[in-house]
Amino acid sequence: MTMIDPKALLKKVTPTPQVANNLTSTEKKEKITALFTEIMETLGLDLTDDSLAETPHRVAKMYVDEVFYGLSDTAFPKITLVENKFDYDHAVIEVNIVTNSHCEHHFVPIIGKTHIAYIPGEKVLGLSKLNRIVDYFAKRPQIQERLTLQIHQALVEILGTQNVAVVTDAMHACVKTRGIKDVTSMTRTSKLSGVFKEDTCHRVEFLTAIPRVQEVQY
Ligand SMILES: [Zn+2]
């Protein structure tokens, strides 16, 4: 069994622009509660109303513990790899992995699905770990292109192979509900490497196994 060191791994992944501030999670929540109170007051909302009173605290908790937990490197999922004793050498393909994120330009949801394929080398990974790795990077303020690259790079490092393919299909609330208000468009981002990039048969096997972008269910 091999354990992955998250700090060393994350150094090899395209960084999310971050500046360390040494605040504890409790301090972050206190500060965001105060600042969000100010945002709501600035918008002219009545914070003494019993429906609104707890909103700043709820938002602070949601940001730190839930939707942006992936900003903390200590929150990276525990990954253990096991020997590929049976010499499995074909593609492992997992489709429709829930990928719920937030766009870093508007802080509104990106709702999507990620599809992953890899060909094991000496090690294999528990399938649920793919879901956990996707969720970890999704729980950062994101642009979809970076999200796909971060998932791909982490898997290349963890699995010790370039034979990895990642596709993310998503709809962006900032495109649907404001600005251009396009309610039907969806976005696909991909990163294929190793045989999935170089070999047509592997690429076609993967791309025909995953849903077509317009068929993805949210
Ligand atoms: Zn946006």
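These questions and answers cover the strands, helices and domains of one predicted model.

Residues are numbered from 1 along each chain as its sequence is written. In this predicted model, local features need pLDDT of at least 70 and side-chain atom pairs count only at pLDDT 80 or more, while totals for chains, interfaces and linings use all residues.

Q: How many helices and strands does the chain have, and what makes a run count as one?
A: The chain has eight helices and eight strands. Both are DSSP runs, numbered from the N terminus: helices are H or I with at least four residues, and strands are E with at least two.

Q: How do you know that S4 and S7 pair?
A: Two strands pair if DSSP finds at least two bridges between them. Strand S4 (residues 109–118) and strand S7 (residues 164–172) have nine bridges, so they pair, in the antiparallel sense. Ile116 stands opposite Val166 in S7.

Q: What joins S3 to S4?
A: Nine bridges join S3 to S4, and the two strands run antiparallel. Ile116 in S4 is the bridge partner of Glu94. S3 and S4 form a hairpin, with five residues between them. In the turn, Phe107 has a positive phi of about 55°.

Q: What makes S3 and S6 a pair?
A: They share two bridges, so they meet the requirement for pairing. Here the sense is parallel. Gln142 in S6 is the bridge partner of Cys103.

Q: Why is the pairing in the sheet of five strands called mixed?
A: The strand order of this open sheet is S6-S3-S4-S7-S8. S3 and S6 pair in the parallel sense, whereas S3 and S4 run antiparallel. Strands of a sheet pair through backbone hydrogen bonds, either parallel or antiparallel.

Q: What makes S6 and S8 edge strands?
A: Strand S6 (141–142) and strand S8 (187–192) each pair on one side only.

Q: Which strands does H8 lie across?
A: Helix H8 (residues 200–209) lies across strand S3 (92–103), S4, S7 and S8. H8 runs at about 60° to S3.

Q: What is the order of the sheet of three strands, and which are its edge strands?
A: The order is S1-S2-S5, in an open sheet with antiparallel pairing. S1 and S5 are the edge strands, as each pairs on one side only.

Q: How do you know that S2 pairs with S1 and with S5?
A: Two bridges join strand S1 (residues 2–3) to strand S2 (residues 80–83). S2 and strand S5 (residues 123–125) pair over three bridges. Thr80 in S2 is the bridge partner of Met3. Glu83 stands opposite Lys123 in S5, and Leu81 stands opposite Leu125 in S5.

Q: Why is H2 called oblique to H3?
A: The axes of helix H2 (residues 25–42) and helix H3 (residues 55–67) come within 8 Å and cross at roughly 135°. That makes H2 oblique to H3. Angles under 35 degrees count as roughly parallel, over 145 as roughly antiparallel, 65 to 115 as roughly perpendicular and the rest as oblique. Axes are lines fitted to C-alpha atoms, for helices over the stretch in contact, and angles run from 0 to 180 degrees between N-to-C directions.

Q: Which residues of H2 and H3 meet?
A: Among them, Ile32, Phe36 and Met40 are in H2, while Val59, Tyr63 and Val64 are in H3. Two residues are in contact if their C-beta atoms, placed from the backbone, lie within 7 Å.

Q: How is the chain divided into domains?
A: Domain 1 is 25–67 and domain 2 is 80–212. These bounds come from an automatic or database domain assignment. Taken over C-alpha atoms, the domain centres are separated by 33 Å.

Q: What share of the chain counts as buried, and what makes a residue buried?
A: Of the 218 residues, 28% count as buried. A residue is buried if 20 or more other C-beta atoms lie within 10 Å of its own, exposed if 12 or fewer, and partly exposed in between, with C-beta atoms placed from the backbone.
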